[in-house]
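User: I'm new to this one. Can you walk me through it?

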Amino acid sequence: MKVGIVGAGISGLSAARQLHYNGHKVVVFERAASVGGRVSTIKKDGFVWDTGATSIAPRGKRIERFLLEELHTEDLVKIEKPIYVHSGLRVSPGSNGTPRYTFAGGNVVLAQKLAEGLDIRLNQNVDEIERANGRFQIEDEGFDAIILSAPIPQTSLLLWRLGENRPTGNVRYRPCLSLLLGYDAPLPRTQYHALLDTEQLHPMTWLCLESVKAPGRAPEGGTALVAQLSATYSHVQYEQDDQFLVQTVTGFVERLYGPSFQSPKSWNVIRWKYSQPESLATFENVNPKGSRILVASDGLVGGHIEDAFEVGTRTASLLVEED
Ligand SMILES: Cc1cc2nc3c(=O)[nH]c(=O)nc-3n(C[C@H](O)[C@H](O)[C@H](O)COP(=O)(O)OP(=O)(O)OC[C@H]3O[C@@H](n4cnc5c(N)ncnc54)[C@H](O)[C@@H]3O)c2cc1C
């Protein structure tokens, strides 16, 4: 069987990998210049930031075996310090003991490892999929089956153009403004690697201390941070200029860690229109038995890396079972 997959995020790559190792021919079309999708890493001025997903919590799912048994890389880091909580920037211990992992070179290494040996066509935006004699065509190449792995709003557009009516209408994703900050000051010693505002009342819901999370994320004596802003704040301020957002967030960081954190040496603002789903569609309803167009998106299972990995392998298995 020859399968065309749209999207080289974790869902698309895990589906591709499973099919490839089961002897099927797979081509992955990715519109970006690199693999990973929402698992993405930026390196600049000696800082290394994960701009989307900040860590991987396998929670006993299939990705655990891949990370701990199949993937042989010294780059994998078990995050030692826990997540604490903050309420209006007042910090207290959290209760989360879930083991979490990252990669010294950035979480994008996970996607790069999954992509090894696969036929991936980068910079290829799939606008339209055509049907021809019971098969499908992408860019004049024929396929027996298609897997769509982009976030549901983007996948729905392709389904709609194909005349496929699937019940995905209730899936909503939240936006997220993600600020990458690099300082040439060392961080005061902390007991945590990240802070979470569980009540989601503060604009800064998540602050990840990248240089505490993993080694090599900042130059000697420096600090790398990623601040993710709440869904409400991100929605309202989505078009706000970068300078304003950086000033606002550095104000929060300064209150937490003191005057050496007044102005970052290096920064970047990433706007995620679709960060994580807040409502899901049902896998079985969206992927009816016998269909040769299947959806493998985190919008069917939950907005985490382990879910994306799971939905990819599940979709590949469904296709193979019906072959
Ligand atoms: C800010 C943020 C923080 C997060 N934090 C965490 C976290 O800490 N832990 C965690 O586990 N998860 C986290 N997540 C969620 C996690 O990143 C996602 O659930 C997961 O990566 C989704 O993978 P995916 O393959 O389903 O989708 P994506 O990663 O979105 O991959 C889809 C791919 O399809 C491509 N594409 C889209 N349309 C087309 C087209 N027409 N043609 C070709 N290619 C196309 C896109 O470019 C993309 O590469 C976070 C996400 C964000 C954005």
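User: Which residue in E17 does Ser178 stand opposite?
Analyst: Ser178 faces Gln228 in E17. Strands here are DSSP runs (E, at least two residues), helices likewise (H or I, at least four), numbered from the N terminus. This is a predicted model: local features need pLDDT of at least 70, side-chain atom pairs count only at pLDDT 80 or more, and totals for chains, interfaces and linings use all residues. Residues are numbered from 1 along each chain as its sequence is written.

User: How many bridges join E14 to E17, and which way do they run?
Analyst: Six bridges join E14 (residues 173-183) to E17 (residues 223-229), and the strands run antiparallel. Two strands count as paired if DSSP finds at least two bridges between them.

User: What sheet has E14 and E17 in its order?
Analyst: An open sheet of seven strands, with mixed pairing. The order is E7-E6-E15-E16-E17-E14-E18.

User: Why is one side of E7 and of E18 left without a neighbour in the sheet?
Analyst: E7 (90-92) and E18 (266-277) stand at the edges, so each has a single partner strand. The twist averages 25° from one strand to the next.

User: Which strands does H7 lie across?
Analyst: H7 (residues 242-257) lies across E14, E16 (204-209), E17 and E18. H7 runs at about 70° to E14. Axes are lines fitted to C-alpha atoms, for helices over the stretch in contact, and angles run from 0 to 180 degrees between N-to-C directions. Contact means C-beta atoms, placed from the backbone, within 7 Å.

User: New topic. Is Thr168 buried or exposed?
Analyst: Thr168 is buried, because 21 other C-beta atoms lie within 10 Å. The cut-offs: buried at 20 or more other C-beta atoms within 10 Å of its own, exposed at 12 or fewer, partly exposed in between, with C-beta atoms placed from the backbone.

User: Where does Thr168 lie?
Analyst: In the loop between H4 (152-161) and E14. Leaving aside neighbours within four places in sequence, Thr168 is in contact with Ile152, Ser156, Ala281 and Val286.

User: What about E11, which residues make its covered face?
Analyst: Phe136 and Ile138 are on the covered face of E11 (residues 135-138), while Arg135 and Gln137 are on the uncovered one.

User: Which residue is the bridge partner of Glu130 in E11?
Analyst: Gln137. E10 (residues 130-132) and E11 run antiparallel, joined by three bridges. They form a hairpin with two residues between them. Asn133, in the turn, has a positive phi of about 50°.

Notes
Contact = placed C-beta atoms within 7 Å.
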